[in-house]
Amino acid sequence: MNLKLNHVAFLLFLMVVLSLTWASMSFATTTDDEVRARLILDLIDDLWRADSSESTVTMRVVTANYRRTVTMQNWTLGKNYSLVRIVSPQKEKGTATLKSGNVIYTYLPKTDRTIRLTSGMMMGSWMGSHFTNDDLVKESRMADDYIPRLGFEGDREGRSILEFILEPKPEAPVVWGRVVITVLAESYLPLVSLYYDEDLSLVRTVTFSDFVEMGGRTLPARLRVVPTEEPDEYTELIYEDIRFGVLVPESFFSLQQLRRQ
Amino acid sequence: MIGAMGFAGFIMIFYAALMEGLLHTTEQNATVMESGQFQVHAPEYRDDPDLYTMITQEVEVLNRLQANGYQAAPRLFGVGLAAAHASSVGIMLRGIDPDRERLVTEIHRHLLAGKWLNGDDPEGVVVGRRLAKALGLVVGDELVVVSQAGDGSMANELYRVRGVLKSINESIDRSGVFFLDEVFRKLMVLPDGVHEIAIRSPDDTYSLADHTQQIQNLVPDLEVKNWRELQPVVARVIDMSRYSLLLMLVITYSAVGILTLNGMLMGVFERIHEFGVVKALGVPPWQIFSLIAIESFLQVVFASIIALAAGIPLSLYFETHPLDLTGLASSSASIAGIALDPLWYCRVSVKAVVDPIVVLMVVAMLSIIYPATKAALLKPLAAIHHR
């Protein structure tokens, strides 16, 4: 009996010690740097996104086999809804993609059909670009899915910058093994994002440029994605115009709306 | 005696012809369903089947192959999505030229319902069996096909199901959608080039390897593979059945051999008394031995004539009038991509005819050694008194 009591006391002691150690460790990991990093990442994530937005974007795709330029209109509401409709070229005008939660529908005006993309199509190219359909669906928030740490702070190429290294959280539903993002130190505007796969080899580089005033914010109007495997190819998104806080109801992101020309 | 050997020889010829026929049909079916005997691709295509990895100047390549007696069918492939009745499935788009395809494979004969592709019906497509089931498609239904075209645009078009295939192979059954090649080109914005050329050789006189080499010489810049390299598993299965059939033949031949040996022994031992008398008259042993040998040889020759006279016509008859096993096997059965033909044809090859005769002769000649030696070395007195 005596022995048993000793046992219980020892176990209790152990638990207290362990929980204290754990607590102090988790305090230690949340440094000032990380708090700052998360704030900046949230800023970047919200740069093109507000509660709602309406934009006109031109996409230029250059691959070894074709070049194409597509202009589209884009509406977003929160994190879950977005609707993209092609304005030009004429051949594809009216083709629309609706993202509603984790589901993507594509409306094809030529055949007047709406198709829900199957999981097998998710890794396929979206509209012939270097983005996959999966990129559209998985709009993860960097601050939620990654553990950031400051990799570099100082001057690079004549600009004062901050470089954050983002490692995915073990349970985060993300495809990248690491993301390295470089931002301007004074404005926190992004310059370059490097995306690495699980083996930590570079897969694609996104560069941000043409910082302009748009929709009441300063934004990089141009995003260029270059796949590492094909350095001569790229997809460029050029924001022609963007408005934030527009009134789009949830019903706007419906299959009926998708078909409307 | 002659009759028994003749009958045995006849059975052997017929059996060998039947076996040859079975193997030939299996081998044919392994290639005529879909793959063709040979395939030509751009060098990297088989490792990475990319829409843009094509055989260019395909018209010239096709002409060159045909000028050398090969039947060649061009094929185009792409991946996409097919949607019907509110569900959608990933598909493999296959653009073919039905007129040329007909000369290389016999897929056009394996329809479960509807009709095969026809140039007069550009909107008509033919789909695999399980794909039709997955999308609930029947002949006449509409089918939306979506893919990424060669120019990066969103290819989409409405088609009508013209035919549903019987079971061909896993890939076609599950995801195959066949288009006319010009329809495929229009949808996928691929004005020229092909992904694959399937080839059928004009005759079987050369070996597979020789044909492969010959085709390779015709298209030095492209990758040439024969069906054995394309379908190694099927090739193994056929090889295995060839060995087991060989074993069956050996067993049959052994039975015939024992029959012949028995006949020969009887023929000699019945006449021991006579041989004793001949020996007593002063005939030397080697003369007795050769007497028996010549006698047996003549018997075998007569037996062979009977065997050939009966075996060849019968086998030839079954070459054109196959054994119909439709009652035993379902007509659309296939195993590992090989269609099972319920019609069993004979195949009269030189091998099927000569082998049994040679075996008959060798067995007869070997089996007389013992009785002939025994007769040659008889002691005359003992033999005369042998009863």
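Modeller: The following account concerns helix H9 of chain B and its surroundings. This is a predicted model, in which local features need pLDDT of at least 70 and side-chain atom pairs count only at pLDDT 80 or more, while totals for chains, interfaces and linings use all residues. Residues are numbered from 1 along each chain as its sequence is written, and chains are lettered from A and ligands numbered from 1 in the order in which they are written.

Helix H9 of chain B covers residues 232–269; helices (H or I, at least four residues) and strands (E, at least two) are DSSP runs, numbered from the N terminus. Its 38 residues should span 56 Å at 1.5 Å a residue, and its end C-alpha atoms are 55 Å apart, which agrees. The expected span is 1.5 Å times one less than the number of residues.

Among the buried residues of H9(B) are B:Tyr253, B:Val256, B:Thr260, B:Met264 and B:Val268. A residue is buried if 20 or more other C-beta atoms lie within 10 Å of its own, exposed if 12 or fewer, and partly exposed in between, with C-beta atoms placed from the backbone. An α-helix has 3.6 residues a turn, so residues three or four places apart point the same way.

These five residues of H9(B) also belong to its contact with helix H12 of chain B, which covers residues 350–376. Two residues are in contact if their C-beta atoms, placed from the backbone, lie within 7 Å. On the side of H12(B), the contact includes B:Val359, B:Leu360, B:Val363 and B:Ala364. The two helices pack at an angle of about 30°, with their axes 8 Å apart. Axes are lines fitted to C-alpha atoms, for helices over the stretch in contact, and angles run from 0 to 180 degrees between N-to-C directions. The contact has 15 nonpolar, 3 polar and 1 charged residues; Ala, Val, Leu, Ile, Met, Phe, Trp, Tyr, Cys and Pro count as nonpolar, Asp, Glu, Lys and Arg as charged, and the others, Gly among them, as polar.

Helix H1 of chain B, residues 2–32, also packs against H12(B), at an angle of about 145° and with the axes 8 Å apart. Here B:Met5, B:Gly9 and B:Met12 are among the residues of H1(B) that meet H12(B). B:Val359, B:Leu360 and B:Ala364 of H12(B) take part in this contact, and they meet H9(B) as well. The contact of H1(B) with H12(B) divides into 12 nonpolar, 1 polar and 2 charged residues.
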